[in-house]
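Please look over the report below.

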Amino acid sequence: MAPNPASIVITDTSILINLSHTRHLSFLCKLEGFEFVVPDEVISEVTQPDQKNIVEVALSERVLKRESISAPAELSLYADLLQILGSGESACIALAACRGWMVACDERRVFLREARNRLGEGRILNTAGLYLLWIRAGILTVSDADQAKEVLESRRFKFAFRSFGDLVK
């Protein structure tokens, strides 16, 4: 049986890099009911050797599934989005919009505006949202997520809250 398109999440570079920093990329496959995919354009944006290796392992272990833009509507939307966004972000929105998927990305401003306009509010995830899903599913504790938050903040990734505990109350 094919997965429900609404449970497929296309993942941008920012998410892959954040989860490689915290060593939680493999946790994507632990979220029951979700399938995580990554477009070719995003894979090519991961250039740091250690991060590239982590992504390649995730692909080989089927934590992530590689996807390609192929349909004319996807190619057309991708080309339009390239005028205002990067290649990986454009591919994620084009595939999510055309295939009815969710998108996972931490970019704000133009990306977020375009994603909301083309996908709607309920189809966008970010790093914090993934950690909340893991906490609620019993995969990680609040303490584990807060440790990951510290790692990311040491790499200049900022969260708008003090602790994941504040979000799960």
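Which residues are buried in H1? They are Thr13, Ser14, Ile15, Leu16, Asn18, Leu19, Ser20 and Thr22. Buried means under 20% relative accessible area, exposed over 50%, and partly exposed in between, with a 1.4 Å probe and protein chains only.

## Basis of the model

This is a predicted model, in which local features need pLDDT of at least 70 and side-chain atom pairs count only at pLDDT 80 or more, while totals for chains, interfaces and linings use all residues. Residues are numbered from 1 along each chain as its sequence is written, and side-chain values use heavy atoms, with hydrogens and water left out.

## Helix H1

H1 is largely enclosed by the rest of the structure, because 8 of its 10 residues are buried. Helices here are DSSP runs of H or I with at least four residues, and strands are runs of E with at least two; both are numbered from the N terminus.

Ser14 sits in H1, which spans residues 13-22. Ser14 is buried, at a relative accessible area of 13%. Leaving aside residues up to four places away in sequence, Ser14 touches Cys105, Asp106 and Glu107. Contact means heavy atoms within 4.5 Å. Just after H1, Arg23 has a positive phi of about 65 degrees.

## Helices H7 and H8

Two packed helices are described by the angle and the distance between their axes. The axes of H7 (residues 127-136) and H8 (residues 142-154) come within 9 Å and cross at roughly 160 degrees. H7 is therefore roughly antiparallel to H8. Angles under 35 degrees count as roughly parallel, over 145 as roughly antiparallel, 65 to 115 as roughly perpendicular, and the rest as oblique. Axes are lines fitted to C-alpha atoms, for helices over the stretch in contact, and angles run from 0 to 180 degrees between N-to-C directions.

Which residues make the contact? H7 supplies Thr127, Tyr131 and Ile135, and H8 supplies Val142, Ala145, Ala148 and Leu152.

## Cysteines

How many disulfides are there? The count is 0. A disulfide is a pair of cysteine sulfur atoms within 2.5 Å.

For Cys92, the closest cysteine sulfur is in Cys105, at 6.7 Å, which is too far for a bond. Cys92 is buried, with a relative accessible area of 0%. Cys98 is also in no disulfide; its nearest cysteine sulfur, that of Cys92, is 13 Å away. Cys98 is partly exposed, at a relative accessible area of 35%.
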